[in-house]
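Keep the structure open beside you as you read.

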Amino acid sequence: MGLRIHFVVDPHGWCCMGLIVFVWLYNIVLIPKIVLFPHYEEGHIPGILIIIFYGIAIFCLVALVRASFTDPGRLPENPKIPHGEREFWELCNKCNLMRPKRSHHCSRCGHCVRRMDHHCPCWDAVMEEHYLEESSCSLGYCRFLWINNCVGEDNHWLFLQLCFYTELLTSYALMFSFCHYYYFLPVKKRNLDLFVVRHELAIMRLAAFMGITMLVGITGLFYTQLIGIITDTTSIEKMSNCCEEISRPRKPWQQTFSEVFGTRWKILWFIPFRQRQPLRVPYHFANHV
């Protein structure tokens, strides 16, 4: 879709991303089999609800895969600095390469990333050490959603979509789980020989536990990300306390969101299949990290 592939070799990150995929598969397979399809077959719910469920699930998976394997904005070894913009570039003291201001060096990936927000996942155990040495974590904001990649200028919009569709899918699944026991009519045709039917209560309890845990965590993460975009501040900049109100003019929220998503068409902010087109950002808004 017009984006460079970026693959991070990190076994811990692979395990975290694998856990997210497992939770997605668990809900996308068992919730329809236990709740949606039986109630649809007996006429309790319309088929459009099943289509919406799978539509949200597909958007969530696409956002996850693209956020994980999209180049977040890695700077080349010999970047071409436009004439007249050299004063807005600086030398990285880690890799000794020139980079635009608001870029950051990621210790996990080993290179600088344009407008880096954080590396996902980040570990609480090493958070303070990384913050003191390289400010490469995001204060534990990314505890419930892991993509094994940096979140930077070129994939931040995909990470936001992933947060949004994960929260939407989780809420949708929890709503159907609640309705299954307290609102829908009992299912009459049940094959008691099926594993999911014989262990329905345990399966649904586990799904509800994972759903509530994800919903609480993602809500906090999504809120933090939205506030960061509205204030035009990355997680690293919040930690470094270098984004005072007087440091740069405040932009309208529509402009900051348009810069992150690469388009001013608000409907396209929700589409993970498209290609992002960077908008020209005036350099007087640039901030030093």
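## The second largest pocket

A pocket here is an open set of points on a 1 Å grid over the protein atoms alone, with protein on both sides within 12 Å along at least five of seven lines, and lining residues have an atom within 4 Å of a point. The elements giving two or more residues to this lining are α1 (11-41) and α5 (195-198), and α1 gives the most, with five residues. The volume of this pocket is about 260 Å³, where a volume is the space filled by probe spheres set on the points, which are joined across faces, edges and corners. Helices (H or I, at least four residues) and strands (E, at least two) are DSSP runs, numbered from the N terminus.

Before going on, please note that this is a predicted model, in which local features need pLDDT of at least 70 and side-chain atom pairs count only at pLDDT 80 or more, while totals for chains, interfaces and linings use all residues. Residues are numbered from 1 along each chain as its sequence is written, and side-chain values use heavy atoms, with hydrogens and water left out.

## Enclosed space

The structure also holds two cavities of 30 Å³ or more; a cavity is a set of grid points where a 1.4 Å probe fits but cannot get out. The largest cavity contains about 220 Å³ of space. Of its 20 lining residues, Val23, Trp24, Asn27, Leu169 and Thr170 are the closest to its centre.

Which elements supply at least two residues each to the lining of the largest cavity? They are α1, α2 (47-69), α4 and α6. The largest share comes from α4, with seven residues.

## A nonpolar patch on the surface

The patch is formed by Phe178, Tyr181, Tyr182 and Leu201, which together have about 490 Å² of accessible area. Accessible areas come from the Shrake-Rupley method with a 1.4 Å probe, and for residues only the protein chains shown count as cover. Patches are made of residues with over 30% relative accessible area and no salt bridge; like charges are joined within 9 Å, and nonpolar side chains (Val, Leu, Ile, Met, Phe, Trp, Tyr) within 5 Å.

Phe178 is found in helix α4 and counts as exposed because its relative accessibility is 51%. Exposed means over 50% relative accessible area, buried under 20%, and partly exposed in between (1.4 Å probe, protein chains only).

## Salt bridges

There are nine salt bridges, each a side-chain nitrogen of Lys or Arg within 4 Å of a carboxyl oxygen of Asp or Glu. Asp154 pairs with Arg114 (2.7 Å, N to O). Asp154 lies in the loop between β6 (149-151) and α4, and Arg114 in the loop between β4 (111-113) and β5 (118-120), so the pair ties together parts that are 40 residues apart in sequence. Asp154 is buried, at a relative accessible area of 13%. Asp154 also meets Arg276 in a salt bridge (3.5 Å, N to O). Arg276 lies in the segment after α8 (253-261), so this pair ties together parts that are 122 residues apart in sequence. Arg276 is buried too, at 7% relative accessibility.

Lys251 and Asp232 form another salt bridge, their closest N and O atoms being 3.3 Å apart. Both Lys251 and Asp232 are buried. They belong to a network of salt bridges that links Arg102, Arg115, Asp232, Glu237, Lys251 and Glu259.

## Cysteines

How many disulfides are there? The count is zero, with a disulfide taken as a pair of cysteine sulfur atoms within 2.5 Å. The sulfur of Cys15 is 6.9 Å from the closest cysteine sulfur, in Cys16, which is too far for a bond. Cys150 is in no disulfide either, and its nearest cysteine sulfur, that of Cys106, is 3.3 Å away.

Cys15 is exposed, with a relative accessible area of 58%, whereas Cys150 is buried at 0%.

## Backbone details

A cis peptide bond joins Cys120 and Pro121, with omega about 10°. Pro121 sits in the loop between β5 and α3 (124-133).

Asn148, in the loop between α3 and β6, has a positive phi near 55° and is not a glycine. Asp232 also has a positive phi, of about 55°, without being a glycine; Asp232 lies in the loop between α6 and α7. Asn148 counts as buried at 4% relative accessibility, and Asp232 is buried at 4%.
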